[in-house]
Amino acid sequence: MKKVDVLLGLQWGDEGKGKIVDVLTPNYDVISRFQGGPNAGHTLEFNGRKHILRSIPSGIFQGGKVNVIGNGVVLDPLLFKQEAESLEAGGHNGLKKQLYISKKAHLILPTHRLLDTAYEAAKGAGKIGTTGKGIGPAYTDKVSRNGVRVGDLLHNFSEVYAKAKARHELILKSMNCEYDIRELEEQWFEGIEYLKEFNLIDSEHVINKYLGEDKTVLAEGAQGTMLDIDFGSYPFVTSSNTVCAGCCTGLGVSPRSIGEVYGIFKAYCTRVGSGPFPTELLDETGDKLCEIGHEFGSVTGRRRRCGWIDLVALKYAIMINGVTRLIMMKSDVLDTFETIKACIAYVIDGKEVVEFPYSISDDVEPVYVELPGWQTDMTTMTSEDEFPEEFNNYLSFLEEELGIPVKIVSVGPDREQTIIRYEEQ
Ligand code: GDP
Ligand code: IMO
Ligand code: MG
């Protein structure tokens, strides 16, 4: 029986998961998303073209692999149709044969989006800064046993839909929301018809059967560990389990069938939306990271907040996920920096803390180690033999601090700008 390898974000999302899933896809038979929804924006670049995926797994471009949208995902039929059609328009053939969707995945309704906006507005200054895609309300309905699932399409769908919509409208009315969703609803129903053309499956059976047939599965996480509903910086989180355990519930695979856990992080740190960010740089260094790293959200276009790498948060993420291999992204963004800082502890109320705390307030003070930058263009490098000494020092420092080897280093957004450090025996 083969195991499921998991690739997930260790920071606040946008670590570069899409790029690396695409790079690793040739090693796998099946690629599957296990949580999140169109709040995700996973960017892939190859052959001079850029693709942004939201709900479709990032294994869709390489060699006709099976791609599965698992039960833990929340799916918006309208956005899914747009995403899939743009792939088809770009010349992607056979999508409907290659992509399977779990019947147990929950649907994001048009009214979920309205509720997302209404709840955010009601929070005022305390707003989460969500992507506005209806993620929170859709997962709320799932947990409160009011959700609408993909499998409902095959049965009494209009009845289930009308019931859910009526519930949402009562809430919207109680919040004095004015809205007109006729156009949105019309497009959404076109999405529903389109969705019916796909293989809607019992994905837990299918994936376990694949494993039994010695097929290899890569599970693709969305968001990042620090946005996890249980372990992230609550309440400034998303509404799903982004951690490794979410792969078991989001695909229906047992904890014993998890193999490698690839933890992916940027050589620095970013965050979109509100919430604590101890190493955030509100100065020109932060601006420089944002500018060189093109740190603008792939879903909402919002400027990402930027800062130095945070090893307190990273160690926490590694612990929660049981990471076995690290992947460092966007190291090229630091190519021109004279010195690079890494946060190894926080000072809270005058005390030094090395364990990620229950909550973080604004007056947390990061304790930094300063390392010399490599000041070398790494974007054309193809082997670790070319790494500058200072870069190797940075890597060794991280590996020692984190206790896990860095298996892959990414030196640019393109598929080719990826350096696998040592081949497995
Ligand atoms: P994801 O959500 O984790 O898949 O990450 P995103 O796609 O939202 O954000 C990562 C961004 O960084 C994308 O624009 C990628 O094209 C880009 N990117 C990925 N790896 C690298 C890298 O090594 N260097 C640079 N400069 N950009 C990268
Ligand atoms: P990928 O998969 C970065 C953030 C939002 C907000 C919070 C809650 O591309 O890494 P939500 O819409 O989920 O209710 O918003 O989570 N967020 C992300 N930030 N990358 C993502 O996905 C994100 N998905 C959600 O900005 O702060
Ligand atoms: Mg993203």
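This is a predicted model: local features need pLDDT of at least 70, side-chain atom pairs count only at pLDDT 80 or more; totals for chains, interfaces and linings use all residues.
1. A residue counts as buried when its relative accessible area is under 20%.

2. The partners of β19 can be followed on the model. Strand β15 (residues 325-329) runs parallel to β19 and is joined to it by three bridges, with Ile-327 standing opposite Ile-408 of β19. Strand β20 (residues 418-420) also pairs with β19, here in the antiparallel sense and again over three bridges, and in this pairing Val-409 stands opposite Ile-419 of β20.

3. Ligand 1 has 20 residues around it, and those that come nearest are Lys-17, Gly-41, Thr-43, Asp-332 and Ser-410.

4. The side chain of Thr-43 places an N or O atom 2.5 Å from an oxygen atom of the ligand, while Lys-17 has a backbone N or O atom 2.7 Å from an oxygen atom of ligand 1. For Gly-412, a backbone N or O atom lies 3.1 Å from an oxygen atom of ligand 1. Taken alone, ligand 1 exposes 570 Å², and the protein buries 93% of that area.

5. The magnesium ion, ligand 3, is coordinated by an OD atom of Asp-14 and by the O atom of Gly-41, at 2.1 to 2.2 Å. Asp-14 belongs to the loop between β1 (4-9) and α1 (17-24), whereas Gly-41 belongs to the loop between β2 (30-33) and β3 (42-46), so the pair ties together parts that are 27 residues apart in sequence. Gly-41 is also among the residues that come nearest to ligand 1.

6. Asp-14 counts as partly exposed, because its relative accessibility is 23%, while Gly-41, with a relative accessible area of 9%, is buried.

7. A further residue to look at is Thr-279, which lies in the loop between β12 (269-271) and α10 (284-292). Thr-279 is buried, its relative accessible area being 1%, and a polar atom of its side chain lies 2.7 Å from the backbone oxygen of Trp-308. When neighbours within four places in sequence are left aside, the residues in contact with Thr-279 include Cys-269, Cys-306, Trp-308, Cys-343, Pro-366 and Tyr-368.

Notes
Residues are numbered from 1 along each chain as its sequence is written. Chains are lettered from A and ligands numbered from 1 in the order in which they are written. Side-chain values use heavy atoms; hydrogens and water are left out. Donors are N, O and S atoms within 2.8 Å of the metal (3.2 Å for Na, K and Ca); water is not among the atoms, so sites may look incomplete. Helices (H or I, at least four residues) and strands (E, at least two) are DSSP runs, numbered from the N terminus. Buried means under 20% relative accessible area, exposed over 50%, partly exposed in between (1.4 Å probe, protein chains only). Two strands pair if DSSP finds at least two bridges between them. A residue is near a molecule or strand if one of its heavy atoms lies within 4 Å of it. A polar contact is a pair of N or O atoms within 3.5 Å; within protein, one must be able to donate a hydrogen and the other to accept it, and residues adjacent in sequence count only if both atoms are side-chain atoms. Accessible areas come from the Shrake-Rupley method with a 1.4 Å probe; for residues, only the protein chains shown count as cover. Contact means heavy atoms within 4.5 Å.
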